Amino acid sequence: MALNPHILTWARDTAGLSVDEAAHALGFKNAYDRTAAERLEALEAGKEEPSRSVLLKMARAYHRSLLVFYLGEPPHIGDRGQDFRRAPGVKAPEYDPTLDALIRDIRGRQGIVKDLLEQTEPRRVDYVASVTVDVPPAELAHRITDRLGFSLAEFRQQATVQAAFSYLREKAEGSGAFVLLIGNLGSYHTNIPSGVFRGYAIADPIAPFIVVNDQDAPVAWAFTMLHELAHLWLGATGVSGGRTDTQLESYCNSVAGEMLLPNREMNELDFLRRASLQETIEAVAQFASGRKISRAMVAYKLLRINVITHARWKELDEHYEKEWIAAQAQIATKDRKEGGPSYYVVKRHRLGPALLDLVKNSLSEGFLTHTKAGLVLGVKPRNVDPLMYTAGMRGGQ
């Protein structure tokens, strides 16, 4: 596959590296006939084709995904959407090169998926950019519920929070969206904490994407997915966090909250206005558990309807964060001792049935090469078939 050499220059420039700095970072050495910098210049001029090993070094040095080097043209920054983690006039969150690389990677995958759909299955997802924030949150929650065919009772009847999320994901993907669980660049060394980002939405009418940060607690995934689904209905592409009360983020939170926890049910917790911290912790835990939602979501809703004070909410938030950190450390220790699920099982779960089915069908019909399939799926070309066909199950699930 021929590469556009301008991509190499663009990737280096946007990483903030000079030719000399980049050549050193790539491990190029001076030779008797040319310097390390001259070797890099030859690649950027298109006089030589970089090997895959060189591209892998560039991906690491420039904080880019390998996929980006196969694009026809450098991506436009504006295509990535807005950063909804900041309020107008407030300082932007600290630049995170891993998150930046992840968003570029997702945009690259979505671009290939969109091309595939335009070739093989022309369609438009009718609800993308179909509403504005003038629609009351409860009304949009009702519209989304109807469009998905979502049953809150069935969601809550699932055996685990992971099963509840899978039920909701199936409904969302059935409506035309792709839902991925991604929180790193392919290894735990690049894990992105949920405090950096919770979700990302690409409000494209052909290939709408929802990305949920799988480094967050599984019990929070469903809420994040619905929050990002609201972004699709609003036509708002961008990255979301968990701490921003901008108008749009508060609106999307309200939509997701109404779908998973209707306001009428909050009357059960009205007694917490006069409860102690420990009583509140116990009551919220019991209330959230049966509904397959996070305690943090319940606490936030209690704050929004003025059942608890901001000070009490902060106490709850700090309590949940400490418990989450301790639980993660315990899980990591257990996995090292016992071993976790297989690589392919985890990968299939992260990618979701919709994307796996599209790639599988496109491969069989000759619309997609194994190289590009690997880029879309985030695996090496040789791992595509084992990922797609292990156990011979639909979507690898």
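I first counted the salt bridges in this predicted model, and the count comes to 16.

I then looked at arginine 104, which forms a salt bridge with aspartate 100, their closest N and O atoms lying 2.2 Å apart. I noted that both residues belong to helix α5 (residues 97-120) and sit 4 residues apart, about one turn of the helix. I also found that arginine 104 and aspartate 100 are both buried.

Next I checked arginine 198, whose side chain meets that of aspartate 216 in a salt bridge at 2.8 Å, N to O. This pair links distant parts of the chain, 18 residues apart, with arginine 198 in the loop between β2 (178-181) and β3 (199-202) and aspartate 216 in the loop between β4 (209-212) and α9 (218-234). I recorded arginine 198 as partly exposed because its relative accessible area is 25%, whereas aspartate 216 counts as buried at 7%.

I went on to arginine 291 and glutamate 265, a salt bridge with 2.9 Å between the closest N and O atoms. Here arginine 291 lies in the loop between α11 (277-289) and α12 (295-304), and glutamate 265 in the loop between α10 (247-260) and α11, 26 residues apart. Arginine 291 counts as buried at 12% relative accessibility, and so does glutamate 265 at 13%. I saw that salt bridges with shared partners join Arg156, Glu265, Glu268 and Arg291 into one network.

Last, I looked up the negative surface patch formed by Asp20, Glu21, Asp33, Glu38 and Glu41. Helices α2 (19-25) and α3 (36-44) are the elements that give two or more residues to this patch. I noted glutamate 21 in helix α2 as partly exposed, at 44% relative accessible area.

Definitions and conventions:
Residues numbered from 1 in each chain as written. Predicted model: local features only at pLDDT ≥ 70, side-chain atom pairs only at ≥ 80, totals over all residues. Heavy atoms only, no water. Patch = residues over 30% accessible without salt bridge, like charges linked within 9 Å, V, L, I, M, F, W, Y side chains within 5 Å. Areas by Shrake-Rupley, 256 points an atom, 1.4 Å probe, with all protein chains shown as cover. Salt bridge = Lys/Arg side-chain N within 4 Å of Asp/Glu carboxyl O. Lys, Arg positive; Asp, Glu negative; His and termini not counted. Charge placed at Lys NZ, Arg CZ, Asp CG, Glu CD. Buried < 20%, exposed > 50% of the residue type's maximum accessible area, 1.4 Å probe, protein only.
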